[in-house]
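Reader: I would like a close look at one part of this protein. Please keep it brisk.

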Amino acid sequence: MFDLTDLTTLKLPFMAKSVIKLSSVENVCVSMQELCSIPRLVVGGGSNLVVLEPKFDGIVLRPEIQYYEVTEIGNDVYLEVGAGHPWHKLVMRTLDAGWFGLENLALIPGWMGAAPIQNIGAYGVELKDHCHRVKLYDFEEQAIIELSACELNFGYRHSVFKENPDRFLVLTVTLRLSKHAAPRVSYGVISEELERRGLDAEKPLDIARAVISIRQSKLPDPDITPNVGSFFKNPVVRSEVADRLLDEFPEMPVYFDGEYTKIAAGWLIDRLGFRGRQVGGFAVNDRQALVITNDGTGTADDLRELVALILSSVKATYGLSLAVEPTQLGQLN
Ligand code: EPU
């Protein structure tokens with residue numbers, strides 16, 4: 001067994017029978033077919049994975065593909081990027097090249113290949129806004145295929161990959177960027193941060209700087225404090241349900257979107273006094289209640305207990321069921 005604990009940012013014990021590193025798309029063609037009938041888990045940056053069973057009796061695939069190809073058409077830039085590129089470095093590289101679009105998504109941990117899986121998003125922008133196409137290995141068809149963004153069924157932290165968890169392996173993603181800056185600073189904290197630091201809201205690099213400093217002030221660095229970012233999704237409810245809750249909790253942050261409304265789960269948890277609450281080695285972060293951290297000694301049972309406490313309190317007070325955001329290996333409840 002291989003000890004892969006350090007491949008995940010939550011640092012729960014993780015052993016696997018074998019690991020296969022995939023360094024190129026060609027490499028994938030020759031090695032995949034025999035894996036179709038074996039339990040598989042794809043691990044990139046490991047920053048959105050919760051391992052609840054220490055022993056995985058299958059194969060861990062590491063898509064380290066470093067492909068990088070640029071096609072410029074007028075002011076549009078189509079960038080095909082291998083799944084193994086660390087996301088934040090890629091964001092900064094595109095901005096340095098004068099290609100805009102990813103600035104609001106700076107400092108998100110993880111690799112390129114994971115970005116379409118949960119449709120990463122922050123500060124008013126999601127991957128879907130800049131995803132053009134993906135190249136995949138399809139374990140069902142046993143072939144390399146390409147899907148365009150409209151076939152990926154993107155939604156809030158959702159995609160076709162969430163609907164078919166074991167079917168695909170992301171090989172490359174083609175991003176659509178622009179040589180024209182189109183700043184998106186309507187997310188309140190960004191404009192406040194730009195102003196506070198004297199940055200220019202018209203410059204994508206300045207927007208990235210503002211996002212980086214907001215994230216650094218709110219979210220624990222997974223390289224220092226083990227965590228997987230937001231542990232729960234913000235619940236999306238029918239707007240009449242949100243209206244009823246707003247009658248009782250007028251300060252509750254909500255994002256109306258017609259028939260549906262997204263509610264800030266961090267606020268719901270925070271209001272119940274969970275910030276800093278500890279169970280064994282796991283604790284609710286003391287700055288962002290949506291984040292759960294491990295002090296390095298946490299066990300899967302500690303995490304299960306803390307999560308169960310949060311879920312039952314949120315349900316009892318607000319009548320809402322929170323969904324866990326990161327991918328889980330093993331059972332959380
Ligand atoms: N809030 C509190 N207390 C808390 C946490 C949040 O009152 O402990 C309030 C905030 O004051 C704010 C609202 O809740 O009014 C929303 O908080 P925030 O802007 O921090 O964003 P979030 O909804 O908690 C989401 C994403 C983050 C992303 C931020 C910024 C999800 C599950 N999470 O968090 O993504 O960075 O918005 O866009 O949608 C991640 O997915 O891992 C992640 C960090």
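How many residues of domain 1 are in contact with domain 3, and how many of domain 3 with domain 1?

Author: This is a predicted model, in which local features need pLDDT of at least 70 and side-chain atom pairs count only at pLDDT 80 or more, while totals for chains, interfaces and linings use all residues. Residues are numbered from 1 along each chain as its sequence is written, and side-chain values use heavy atoms, without hydrogens and water.

14 residues of domain 1 touch 16 residues of domain 3, where contact means heavy atoms within 4.5 Å. The protein is divided into domain 1 (2–63), domain 2 (68–178) and domain 3 (227–329); the bounds come from an automatic or database domain assignment. The C-alpha centres of domains 1 and 3 are 29 Å apart. Together these two domains bury about 1,300 Å². Buried area is the accessible area (1.4 Å probe) that two parts lose on being put together, summed over both. Carbon and sulfur atoms carry 61% of it. On the domain 1 side, Leu10, Asn48 and Leu52 lose the most area to domain 3. Together they make up 45% of what that side buries.

Domain 3 also takes part in another site. Both domain 2 and domain 3 give residues to the shell around the ligand, so the ligand lies between them. The shell has 22 residues, each with a heavy atom within 4 Å of the ligand. Tyr123, Tyr156, Arg157, Asp270 and Ala289 are the closest.
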